[in-house]
Amino acid sequence: MIIEPIIKGVVARSAHPYGCEAAVKQQIEFVKQAAAIKNGPKRVLILGASSGFGLASRIALAFGGSQADTIGVSFERGPSEKGVGTAGWYNNIFFKKEAEKEGRIAINIVGDAFAKQTRAQVVEAIETYFEGEVDLVIYSLATGIRPDHKTGEKWVSSIKPIGDSVTGASVLLEDDSWHESTVEAASDAEIESTLKVMGGSDWESWIDDLINSESLAEGCKTVAFSYIGSEITAPIYRDGTLGWAKVDLHQASHSLNLKMSNFNGSAHASVCKALVTKASVFIPTLTPYLIALYKVMKENGTHEGCIEQMQRLFTTKLYNHALDGDVQHDIPVDAERLIRIDDWELDGATQAQVKAIVDNMTADNFKQIGDYQGLKKEFMQINGFDFDNVDYNQDISIDELQALVD
Ligand code: NAI
């Protein structure tokens with residue numbers, strides 16, 4: 001079979017395995033030539049390890065100087081009669097292959113991170129492969145649904161504004177078409193559910209479980225990813241359900257920090273830059289901003305992808321910063337104790353340039369005045385398509401894909 005890209009709306013329904021391999025290798029190459037992570041963690045647990053920031057952090061820590069062994073948890077689908085499976089499935093496999101070539105331990109646990117049995121599997125893997133302890137826990141889950149184990153029901157997130165409705169445009173990646181729409185304000189129940197799914201409570205419960213199983217090493221850190229954004233995206237993000245969920249996550253980082261101090265460790269939320277990932281393309285009315293942001297930051301030489309962001313997080317914030325001779329510095333944070341790697345995005349001149357573009361963007365000119373091509377290419381590449389060095393005409397069988405197990 002020839003594997004072709006299939007996109008429905010903003011969701012990729014196919015992935016190219018060898019394109020995913022190329023994507024993983026490209027990120028590995030980047031971190032190998034970047035400034036190295038010094039004094040980094042050796043045993044790392046990544047929740048949400050198969051794509052976006054989680055995968056990038058795993059690659060940065062394994063290949064970017066720290067030489068970390070990793071356990072990665074993700075929710076992905078393998079090949080079957082129904083299809084080739086998801087990009088994250090192949091990212092896991094090819095990451096592991098590359099890591100093992102360099103002598104690293106790389107354990108993939110594919111399962112629901114909210115389920116008790118996945119947690120038990122993780123603790124067992126920490127016992128088996130990490131001598132019982134981890135030095136860093138990265139929380140990078142992005143999902144729309146979280147089961148409530150007490151009631152058996154599910155919380156479902158709603159990406160909506162709060163208070164007033166928001167009108168804006170989104171681009172359907174399926175056919176590159178521009179759609180104006182109005183997103184109605186969230187109800188109280190929708191706000192509450194989104195907080196449960198994307199706020200800090202699951203992160204806290206993971207750390208509590210890891211404390212109870214005595215799986216955190218002395219000095220262990222934990223970090224989760226957040227977004228704040230500017231005035232331009234505030235109605236749909238900062239002042240909306242997701243923004244409120246992120247405030248909940250920030251609060252969780254403070255309470256977790258107190259718990260982690262018992263191990264001489266720390267907990268932080270790291271505020272990242274807006275990027276194209278499997279998760280972010282779901283946010284309604286965000287595409288015009290992303291297209292304009294890509295254009296401006298590329299022109300200004302400040303554009304970063306997930307991998308550049310993660311390498312910068314570990315070298316300038318979480319680890320190397322403490323290596324100034326013998327002087328130990330605290331992790332650099334803002335007044336709310338948040339790590340900021342969204343600084344280049346929020347730079348005043350950058351935002352002014354982005355606003356000027358967004359204000360003039362229409363259905364007729366978005367491909368010309370913004371970097372839609374760049375955004376689309378990145379979306380295709382996270383699903384394994386659009387790489388020059390991959391033969392997309394090769395005949396691939398499901399049997400061949402099923403043999404690619406880790
Ligand atoms: P992503 O969709 O690329 O990755 C999400 C990961 O979570 C995948 O590995 C997926 O398999 C895993 N996952 C989802 N549900 C799961 C479940 N039930 N059990 C186990 N694993 C599960 O997402 P992305 O964009 O990397 O997001 C990660 C975090 O970064 C999120 O908290 C997001 O809000 C945050 N962030 C994202 C930004 C962006 O522009 N993409 C900007 C700033 C923060």
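**Close-up 1. Trp178, Phe366 and Tyr372 come together as one aromatic cluster.** This is a predicted model, and here we zoom in on two members of that trio, Trp178 and Phe366. Tryptophan 178 and phenylalanine 366 make a stacked aromatic pair, with 5.2 Å from centre to centre and 25 degrees between the planes. Tryptophan 178 comes from strand β10 (residues 177-183), while phenylalanine 366 belongs to helix α12 (residues 366-369), so their pairing ties together parts that sit 188 residues apart in sequence. Tryptophan 178 has a relative accessible area of 14%, so it is buried, under the 20% cut-off. Phenylalanine 366 comes in at 3% relative accessibility, so it counts as buried too.

**Close-up 2. Phenylalanine 63 and phenylalanine 95 meet edge-to-face.** In the whole model, the count of aromatic pairs comes to nine. For this one, the ring centres of phenylalanine 63 and phenylalanine 95 are 6.0 Å apart and the planes stand at 85 degrees, which is why the pair is called edge-to-face; the cut-off for that label is over 60 degrees. Helix α2 (residues 52-63) supplies phenylalanine 63 and helix α3 (residues 87-101) supplies phenylalanine 95, so the contact ties together parts 32 residues apart in sequence. As for solvent, phenylalanine 63 and phenylalanine 95 are both buried.

**Close-up 3. Arginine 312 puts its charged end over a tryptophan ring.** The ring in question is that of tryptophan 344, and the charged end of arginine 312 sits 3.7 Å from its centre.

Technical notes. Residues are numbered from 1 along each chain as its sequence is written. This is a predicted model: local features need pLDDT of at least 70, side-chain atom pairs count only at pLDDT 80 or more; totals for chains, interfaces and linings use all residues. Side-chain values use heavy atoms; hydrogens and water are left out. Rings of Phe, Tyr and Trp (its six-membered ring) pair if their centres lie within 6.5 Å; planes under 30 degrees apart count as stacked, over 60 as edge-to-face and the rest as tilted. Helices (H or I, at least four residues) and strands (E, at least two) are DSSP runs, numbered from the N terminus. Buried means under 20% relative accessible area, exposed over 50%, partly exposed in between (1.4 Å probe, protein chains only). A charge sits over a ring if NZ of Lys or CZ of Arg is within 6 Å of the ring centre and within 35 degrees of the ring normal.
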